[in-house]
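Subject: Structure handover

Hi,

Here is the structure for your files. Please open it first, then read my notes below.

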Amino acid sequence: MASIDLGNVLDKAWADKSVPEVLSAPVSALKGVSDRQGDLLNEAFGIKTVADLAKLKYVGWAQALAALDEAK
């Protein structure tokens, strides 16, 4: 079973929230992502929530390429 320390990846205001709450949160809930960066993601890709970002096909493609590179 996978686990993650939410305090390491989320802003303090979101660290004690449930995973479903975090997934529906704006991407600025992620540590290091500003409101402006969240706005830019929305403008460029229609990303409004953490779940939207996770589902972005370009993220999946980049992760697959990185995994291929690590596997060589």
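In which helix is the place of Phe 45? Phe 45 sits in helix H3, which covers residues 35-45. Please keep in mind that this is a predicted model.

**The surface patch**

Phe 45 also belongs to a nonpolar surface patch.

Why does Phe 45 count as partly exposed? The relative accessible area of Phe 45 is 45%. Partly exposed runs between the buried limit of under 20% and the exposed limit of over 50%, so Phe 45 falls in that class.

**The fold**

The chain has five helices and zero strands. Read from the N terminus, the order is α-α-α-α-α. The C-alpha trace spans about 40 × 35 × 20 Å along its principal axes.

How much of the chain counts as buried? The figure is 18% of the 72 residues.

**Surface and charge**

The chain exposes about 5400 Å². Carbon and sulfur atoms supply 59% of that area.

The chain carries 8 positive and 10 negative charges.

Best regards

Conventions
Residues are numbered from 1 along each chain as its sequence is written. This is a predicted model: local features need pLDDT of at least 70, side-chain atom pairs count only at pLDDT 80 or more; totals for chains, interfaces and linings use all residues. Side-chain values use heavy atoms; hydrogens and water are left out. Patches are made of residues with over 30% relative accessible area and no salt bridge: like charges are joined within 9 Å, nonpolar side chains (Val, Leu, Ile, Met, Phe, Trp, Tyr) within 5 Å. Accessible areas come from the Shrake-Rupley method with a 1.4 Å probe; for residues, only the protein chains shown count as cover. A salt bridge is a side-chain nitrogen of Lys or Arg within 4 Å of a carboxyl oxygen of Asp or Glu. Helices (H or I, at least four residues) and strands (E, at least two) are DSSP runs, numbered from the N terminus. Buried means under 20% relative accessible area, exposed over 50%, partly exposed in between (1.4 Å probe, protein chains only). Lys and Arg count as positive and Asp and Glu as negative; His and the chain ends are not counted. The place of a charge is taken as NZ of Lys, CZ of Arg, CG of Asp or CD of Glu.
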